[in-house]
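Subject: Structure handover

Hello,

Here is the structure for you to look at. My notes follow below it.

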Amino acid sequence: MTDLQTRHGPAGTDSPADSPAGAPAARPGTASVARPGALLALVLSGQFMAVLDTAIVNVALPTVRTDLHASGAALQFVVAGYTIAYAVLLITGARLGARYGYSRLFQSGLAAFTAASLACGLAPATGWLIAFRLLQGAGAALMVPQVMSLVQRTFTGRARLRALGLYSAVLAGGIAAGQVLGGVLVSADLFGAGWRPVFLVNVPIGVLLLAAGARLLPRLPGDRDRGFDLPGLLVLATALGLFVVPLVLGHELGWPGWSLAMLGASALLFALFVLVERRIARRGGQPLISGRVLGAVGLLPAVGAVFMIMLSFAGFMFSFALHQQSGLGYSALRAGLCSAPIAVGFGVAGLHWQRLPRRLHGVLPWLGAALLAVGYLPFGLLLRDGAGIGAAPLLLSAVLGVLAGCAYTPLFGRALARVAPADAADASGVVVTAVQLGQVVGVALVGSVFLGASDLPASAGESGHALLITSVTVGGAVALAAVLAARAVAAGRAARTAQAPVEAPAEQRSADG
């Protein structure tokens, strides 16, 4: 029996006769691939590059400033331009994938990302670099939502759960690897190119992935009859832009009046988006985010918990890196290596949480988050006096990563397990956007807490005290995630009870515990 379902007809026409002998009938909308492991490696490699580029450029900023004579504001836009375009266009990328085909949009986004990386590496001036970073973020936004949609459409049962675990590992690993790889490339100064290899490294990898994608990606036709909802798209993109831009730039610029006005306007536009979507649905149209997707059992509390966990994880990683480099005087490479245990723990837990006793699977999301919330306090206490990063903090950070992975990955599966394959693109767009926004908000808010408690460059003791305050703040955010995770667990159990005695799919049984 296999967890990868086989299909010989058009999407959505699966029949028992098409399934392997002894295997259950394929879920509607699943697709067959000859080499599922190679396909998963392909799409996750694209995901890894996208995550990597949110962090890798940070360590190159000093050399960018010197080489291009960039101002402080320009450097902020070099970092933030990618994140802004990426976050604003993710849901758009998901809808385009559903309309024109997930594989086609993955390849198109990967090609755009690779070309923009080449352009960034060759940029002659700061303005060009900022523009190419925006294009790079747009390419990532086209590519990344297709990863989860392809997983949803290709894998079922335990194969899907393992794919989601690998997705989590890539997400965590990319954040830490960005700092390490960036430090290595800048320090090596390959061919005297300084900062440029942090972008150019994507080019040969992207070309190889494009060639592999032409052979490995399944031919899933898009639904050209599906509405595009241009009004909803424009309102949501504007609302997200007004929300993300001040969060990314506000603290560095001292929260000027325009940043607060943009946040207020974003709240109004999010409310307008809800009204627009409801109006389109009442008229029989196809809203950008349908009520059917948002009504999937446990989706909203699970997405909320995922958002809070990513907020805390990304915010803590950012603050921890600042503490090491600005407070303790560590190099970017050393700081990245000291940050690796928490990322490795996150990834390992994401891959292997299913090996825990089955009776724990149902409670793992909220239990892992609750223990994680408590665990941040002793970590902050260990470093509050500005001590160096020794064995005890490194070991504890690995434990924190394991707890984060044990909470996050089952939640990710829970959010998507009860979504119909036909809604995979919309649901993946919602979940991936929540993940990306969680990272943006985490760096902005948690980073503001750390920077507000210290005046960088600070002494080791002052920086350590700021890290303690940050750890307590992050613990509170994760505590809220635990509450939301408990609600998601309860919703899943209630739905499973209501469906009895019908047997639920394997990924639902594992998620519901």
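First, a term. On a 1 Å grid over the protein atoms alone, a pocket is an open set of points where a 1.4 Å probe fits, with protein on both sides within 12 Å along at least five of seven lines. A volume is the space filled by probe spheres set on the points, which are joined across faces, edges and corners.

The second largest pocket has a volume of about 630 Å³. It is lined by 23 residues; Ile 91, Phe 273, Ile 289, Leu 294 and Val 430 are the closest to its centre. Lining residues have an atom within 4 Å of a point. By class, the lining has 17 nonpolar, four polar and two charged residues. Nonpolar means Ala, Val, Leu, Ile, Met, Phe, Trp, Tyr, Cys and Pro; charged means Asp, Glu, Lys and Arg; the others, Gly among them, are polar. H10 (257–282) is one of the helices that supply at least two lining residues. H10 gives the largest share, six residues.

This is a predicted model: local features need pLDDT of at least 70, side-chain atom pairs need 80 or more, and totals for chains, interfaces and linings use all residues. Residues are numbered from 1 along each chain, and side-chain values use heavy atoms, without hydrogens and water.

Now the whole chain. It has 18 helices and zero strands. These are DSSP runs, numbered from the N terminus (helices: H or I, at least four residues; strands: E, at least two). Of its 513 residues, 57% are buried, meaning under 20% relative accessible area with a 1.4 Å probe, protein chains only.

Best wishes

Methods:
Buried < 20%, exposed > 50% of the residue type's maximum accessible area, 1.4 Å probe, protein only.
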